[in-house]
Amino acid sequence: MKILVCITHVPDTTSKIQFTDNNTKFDKNGVQFIIGPYDDYALARAVELKEQLSATLTVLNVGEAETEPTLRKALAIGADDAIRVNSFPKDSLFVAKQIAAIAKENSYDLILMGRESIDFNGGMVHGMVGELLGIPSISPVMKLEVEGNTVKMAREIEGGKEYLEASLPLIAGCQEPIAEWKIPNMRGIMSARTKPLNVVEPSDDSTATEVSEFQLPAPKGAVKLVDKDNVEELVRLLKNDAKVL
């Protein structure tokens with residue numbers, strides 16, 4: 001069995017975000033980058049499946065050379081080899097085309113990724129890859145088991161959970177609690193240095209979108225404190241200022 005895990009290289013959630021060039025480019029200066037948290041769940045489940053099924057596990061990232069430490073961390077966690085598509089991830093469709101091209105070339109049985117990245121939060125790539133490959137794509141998956149050629153899954157829906165079965169090959173967008181994040185140990189870190197990290201050029205350089213402008217969230221407004229006994233004032237503020245009554 002061959003498993004592919006697609007990971008993103010994203011800013012740490014504690015990073016302070018700024019933009020340059022008239023708010024058209026993200027300023028990377030001083031920003032710590034990590035594996036996308038939802039991708040971390042996908043990777044952790046893939047490592048478990050690798051051990052259960054004696055599978056091979058490849059990690060893939062669409063990114064420039066600066067993303068290689070992120071790929072090395074994934075190798076340290078348990079992946080056998082890594083692939084980096086040597087290009088800035090321009091938009092969701094561009095990334096999906098690169099993943100699909102690699103998948104077609106290597107015939108993976110199971111493709112896992114996070115339900116979304118935490119930078120753009122598009123949540124579109126897994127569906128696009130499924131369409132490009134002509135195979136099922138299911139998200140968000142919170143439980144995944146492989147029995148022979150059948151994958152049994154649970155996913156969140158509005159008001160509850162849905163249980164599904166599908167045949168391999170399959171794509172799943174993962175979220176917690178599919179597995180617990182794994183931390184690289186010293187042995188994994190040492191072995192990651194010698195595991196293959198293959199760099200390939202993009203299969204298609206075209207994009208469907210372009211960034212016109214980024215905007216930071218509006219600053220938080222002032223807080224008004226009301227004495228707990230002053231119910232009339234609280235009601236007035238909720239009605240006239242907050243307009244929630």
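Contact means heavy atoms within 4.5 Å. By this criterion Leu43 touches Val5, Ile35, Leu57, Val59, Ala74 and Ile77, not counting residues up to four places away in sequence.

The model is predicted: local features need pLDDT of at least 70, side-chain atom pairs count only at pLDDT 80 or more, and totals for chains, interfaces and linings use all residues. Residues are numbered from 1 along each chain as its sequence is written, and side-chain values use heavy atoms, with hydrogens and water left out.

A nonpolar core is a set of buried Ala, Val, Leu, Ile, Met, Phe, Trp, Tyr and Cys residues joined through side-chain atoms within 4.5 Å; buried means under 20% relative accessible area, exposed over 50%, partly exposed in between (1.4 Å probe, protein chains only). The largest such core has 39 residues, of which Val5, Leu43, Leu110, Leu112 and Leu144 touch the most other members. Elements giving two or more residues to this core include α1 (37-53), β8 (110-114), β9 (137-147) and β12 (170-174). Helices (H or I, at least four residues) and strands (E, at least two) are DSSP runs, numbered from the N terminus. The largest share, eight residues, comes from α1.

Five of the five residues of β12 are buried, so this strand is largely enclosed by the rest of the structure. Leu170, Ala172 and Cys174 lie on one side, Ile171 and Gly173 on the other. Two strands pair if DSSP finds at least two bridges between them.

| Pair | Sense | Bridges |
|---|---|---|
| β8 and β12 | parallel | five bridges |
| β9 and β12 | parallel | three bridges |

In β12, Ile171 is the bridge partner of Ile111, and Ala172 is that of Ile138.
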